Amino acid sequence: MVKIFAVICLMNVGNLEQNLCFKSQVPLDFKNKIDCQFALDRLINYLDEDLKQRQTSLAMICLQDMEKNKINI
């Protein structure tokens, strides 16, 4: 399975104007990277203007979900 992984950064937070970043993932599974990339492109277009207004940066990428591939011995 392929998932969308993200890093969300809130820029210039508080009096010290610190950048705060968090790792996350979109709770959806995709059969392949093409389907994931299509969904990712749509998600980016949907979120773009809102994120700009909030001065929030978001980096996303489609990657193989390694948790599903673990082998228990």
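**Exercise 1. Describe the surface and the overall form of the protein chain.**

The protein chain exposes about 6,100 Å², and carbon and sulfur atoms supply 55% of it; such accessible areas come from the Shrake-Rupley method with a 1.4 Å probe, and for residues only the protein chains shown count as cover. This is a predicted model, in which local features need pLDDT of at least 70 and side-chain atom pairs count only at pLDDT 80 or more, while totals for chains, interfaces and linings use all residues. Residues are numbered from 1 along each chain as its sequence is written, and side-chain values use heavy atoms, with hydrogens and water left out.

Next, take the elements: from the N terminus on they run β-β-α-β, where helices (H or I, at least four residues) and strands (E, at least two) are DSSP runs numbered from the N terminus. The radius of gyration is 15 Å, well over the 11 Å that the globule rule gives for 73 residues, so the protein chain is more spread out than a compact globule; this radius is taken over C-alpha atoms, and the rule is 2.2 Å times the number of residues to the power 0.38.

**Exercise 2. Find the salt bridges and place each partner.**

Begin with the criterion, a side-chain nitrogen of Lys or Arg within 4 Å of a carboxyl oxygen of Asp or Glu, by which the count comes to three.

- Lysine 3 and aspartate 29 meet at 3.2 Å, N to O. The pair links distant parts of the chain, with lysine 3 in strand β1 (residues 2-13) and aspartate 29 in the loop between β2 (18-25) and α1 (33-53), 26 residues apart. Lysine 3 is buried at a relative accessible area of 10%, whereas aspartate 29 is partly exposed at 38%; buried means under 20%, exposed over 50%, and partly exposed in between (1.4 Å probe, protein chains only).
- Lysine 52 pairs with aspartate 48, the closest N and O atoms being 3.2 Å apart; being four residues apart in helix α1, they are separated by about one helical turn.
- Aspartate 50 pairs with arginine 54, with the closest N and O atoms 3.0 Å apart; aspartate 50 is partly exposed at 35% relative accessibility, and arginine 54 is exposed at 58%.

**Exercise 3. Examine the surroundings of aspartate 65.**

First, locate aspartate 65 in the segment after β3 (56-64). Next, list its contacts (heavy atoms within 4.5 Å): leaving aside neighbours within four places in sequence, these are Met1, Val2, Lys3 and Phe5. Finally, check for a partner: aspartate 65 is buried yet has no salt bridge, and the nearest side chain of opposite charge, lysine 3, is 4.5 Å away.

Definitions and conventions:
Lys, Arg positive; Asp, Glu negative; His and termini not counted.
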